[in-house]
Amino acid sequence: MNNVFLIALIIYLLVFLLISILDIKKISVFTDYAVAGRRQDTFAVTMTLLATTIGASTTIGITDTVYSIGFPGIWWLAFGAIGLMLQALLISEKIRKMNVSTLPELAKVMVGKPAEILLAAIIVISWVGVIAGQLVAMNSLITFATGKSSTALFLIVSAIVIAYTLIGGQMSVVRTDKVQLFIIITGVIVCFFYLYFVKGGDTYTVITSVEALNENYRPVNLFTQFFVIGGVYFLGPDIMSRNFLSKDERTAKNSTVIAGLVLLLFAILITMVGMWLRANVTPEQMGDNKALMYAVSIIPKVPAVLLVFGLLSAVLSSTDTCLINASTIFVKDVLGKERVAYVRITVAVMGTLAALLCVTGSSDIVTLLSNAYSIYTPGVIMPLLVAIVAYGRRGLRLPVWLLSVFAGGSLGLCNAYFSKPLESVGVPAGLLGYFPLIGMGVSFAVALASVRWKTKEQ
């Protein structure tokens, strides 16, 4: 696959670079660059929302999880789909009415400037890990397709991704997401049909192994993931950034509902690919390969190349969104500027930091993403939800609300990065695993305590 892949990769990336260069003419003000002019229709918003949610964790990560624990691996994406639909039902229209550009700006409108800065800091720091997780997946794909690990090639591809993101901003991200999503969906569908209807194998075991829970995935895991993972889809910065692109409230709501339904179907599809591999490929055959990479190796060359580019598209569509959103948040909400040039510089810096983290750090995609979510979800989701519900009807005590964010985020931070030191001083390892969930409960309780239960008029 080496030569075919490299030629196709060069063409693929050059097309995206060309799109970003052409989009420069459409960028006249900051909102054009940061939120694509706030004029995207339902089709565009749905496509870019799906492309954003279907990334490394929901393709490569999910199939690895399913291969390891069985059908319950579907819950990561299933809770994502539920999170999207709950967002559409409860908050999509209300948030779009506020006409903001970032999630921290939303906090500023509802709570105050300190809330904006605190949330911006949490997102920017956490999302370096999210971007690194996507780049880890990209590096794995390139290594697999070329047959060798090349740091130089990885850095070149990363540089091009950073370049087309910083040149065209959200305008280019929305346009490239449409292409990328089509390739993602097509590649996974082709793989699914080949495995089940051409290659065959033991499909009976697959059917009889469909179960919601098992010894590897217990009710407590179900409960924890619903809040920790579902929360990111419900009120995450990248997800909500698609809301800010929409032309009106109805578009924001309808796009989120459609995306949630499609994501649920995709969850079934990618899970069934993982189930086929679990039933038909032994651990000895799998070796050190990622499950989906092994699938590439056993299907014909043309669909194999298509699947690799589908996976690469999944990774890049999430990477560019994370990059542009985190950079916009840093410039607008931390620096207090609305300068396109500053955002472009920040994209370059954050992308470089994430690439270096990828080269020198962990290669576990799910761990990188889970660590970031473990900080963000307990620290941000519940306080923001309380603020959204209270906005326009109840006031908030700013110091107490800020404490809710700090308390929840600190517990998530302990789980993500300080587990071993805490274990060494006597904190039970089992309890540490619940810290993100405990953090959500603590942040929710403290955020509720920040609400002024009498109306402002009273």
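1. A word on terms before we start: a residue counts as buried when its relative accessible area is under 20%. By that cut-off, phenylalanine 192 and tyrosine 196 are both buried. Please keep in mind that this is a predicted model.

2. These two residues also form a ring pair. Their ring centres are 4.8 Å apart with the planes at 35 degrees, so the pair is tilted. Both residues belong to helix α9 (residues 151–199), where a spacing of 4 residues puts about one helical turn between them.

3. In total, the structure has 12 aromatic pairs. One of them joins tryptophan 75 to phenylalanine 79 and is stacked, at 5.0 Å centre to centre and 25 degrees between the planes. Phenylalanine 79 has a relative accessible area of 6%, so it is buried.

4. For a charge over a ring, turn to arginine 339. Its charged end sits over the ring of tyrosine 342, 4.9 Å from the ring centre.

5. Finally, a loop residue: serine 246 falls between α12 (237–245) and α13 (249–280). Is serine 246 buried or exposed? Its relative accessibility is 0%, so serine 246 counts as buried. Beyond its neighbours within four places in sequence, serine 246 contacts Arg38, Gln40, Val45, Arg96, Thr251 and Ala252.

Note on methods. Residues are numbered from 1 along each chain as its sequence is written. This is a predicted model: local features need pLDDT of at least 70, side-chain atom pairs count only at pLDDT 80 or more; totals for chains, interfaces and linings use all residues. Side-chain values use heavy atoms; hydrogens and water are left out. Helices (H or I, at least four residues) and strands (E, at least two) are DSSP runs, numbered from the N terminus. Buried means under 20% relative accessible area, exposed over 50%, partly exposed in between (1.4 Å probe, protein chains only). Contact means heavy atoms within 4.5 Å. Rings of Phe, Tyr and Trp (its six-membered ring) pair if their centres lie within 6.5 Å; planes under 30 degrees apart count as stacked, over 60 as edge-to-face and the rest as tilted. A charge sits over a ring if NZ of Lys or CZ of Arg is within 6 Å of the ring centre and within 35 degrees of the ring normal.
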